[in-house]
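These notebook entries record what I looked up on aromatic ring contacts. I describe a pair of aromatic rings by the distance of the centres and the angle of the planes.

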Amino acid sequence: MTFARGFAVLAAAVSAAGAAWLTAPAEAGDSEPEVHRIEIRRFAFIPAQLEVRPGDIIEWVNNDAVPHTSTAEDGAWDSEELSRGASYRVTVDWQGSRDYICAYHPHMTGRIDVVGVAPGE
């Protein structure tokens with residue numbers, strides 16, 4: 001085998017190994033927290049119900065013309081007033097479910113259901 005041919009074979013093997021490493025599925029526990037976006041529009045939380053894992057991040061974004069809040073019924077969080085275009089984030093550090101409302105418009109309701117385990121566990 002010539003040097004050039006040997007080098008080409010070695011380069012192809014290294015390239016294939018690198019490609020396999022880049023596309024290999026993540027090991028359990030290696031994933032980053034997921035960011036879940038809840039839009040506020042037309043006096044509703046969209047989606048109104050969301051399943052997340054511990055460690056995930058929930059972001060509410062107000063796309064309505066009027067102010068709203070994201071306020072946990074048990075007091076775990078309160079975004080306070082979110083004007084149009086404003087956002088608020090919460091990192092999931094609880095188990096089970098939490099219901100929330102808009103403090104200004106209590107008919108606006110939502111629910112966060114925590115399932116599974118946190119990344120790395």
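**Aromatic pairs**

The model I am reading is predicted.

I then looked up the pairs. My search of the whole structure returned six aromatic pairs. In one of them, Trp60 and Tyr88 are tilted, with 6.3 Å centre to centre and 35° between the planes. I noted that this pair links distant parts of the chain, with Trp60 in strand S4 (residues 57–62) and Tyr88 in strand S6 (residues 87–91), 28 residues apart. Trp60 has 0% relative accessibility and therefore counts as buried.

Next I examined Trp77 and Tyr100. Their rings also form a tilted aromatic pair, at 6.0 Å centre to centre and with 50° between the planes. I placed Trp77 in the loop between strand S5 (71–72) and S6, and Tyr100 in strand S7 (residues 96–101), so the pair ties together parts that are 23 residues apart in sequence.

Are Trp77 and Tyr100 buried or exposed? I find Trp77 buried, at a relative accessible area of 5%. Tyr100 is likewise buried, and its relative accessible area is 0%.

Finally, I asked which residues form one aromatic cluster. I recorded Phe45, Trp60, Trp77, Tyr88, Trp94 and Tyr100 as its members.

Definitions and conventions: Residues are numbered from 1 along each chain as its sequence is written. This is a predicted model: local features need pLDDT of at least 70, side-chain atom pairs count only at pLDDT 80 or more; totals for chains, interfaces and linings use all residues. Side-chain values use heavy atoms; hydrogens and water are left out. Rings of Phe, Tyr and Trp (its six-membered ring) pair if their centres lie within 6.5 Å; planes under 30 degrees apart count as stacked, over 60 as edge-to-face and the rest as tilted. Helices (H or I, at least four residues) and strands (E, at least two) are DSSP runs, numbered from the N terminus. Buried means under 20% relative accessible area, exposed over 50%, partly exposed in between (1.4 Å probe, protein chains only).
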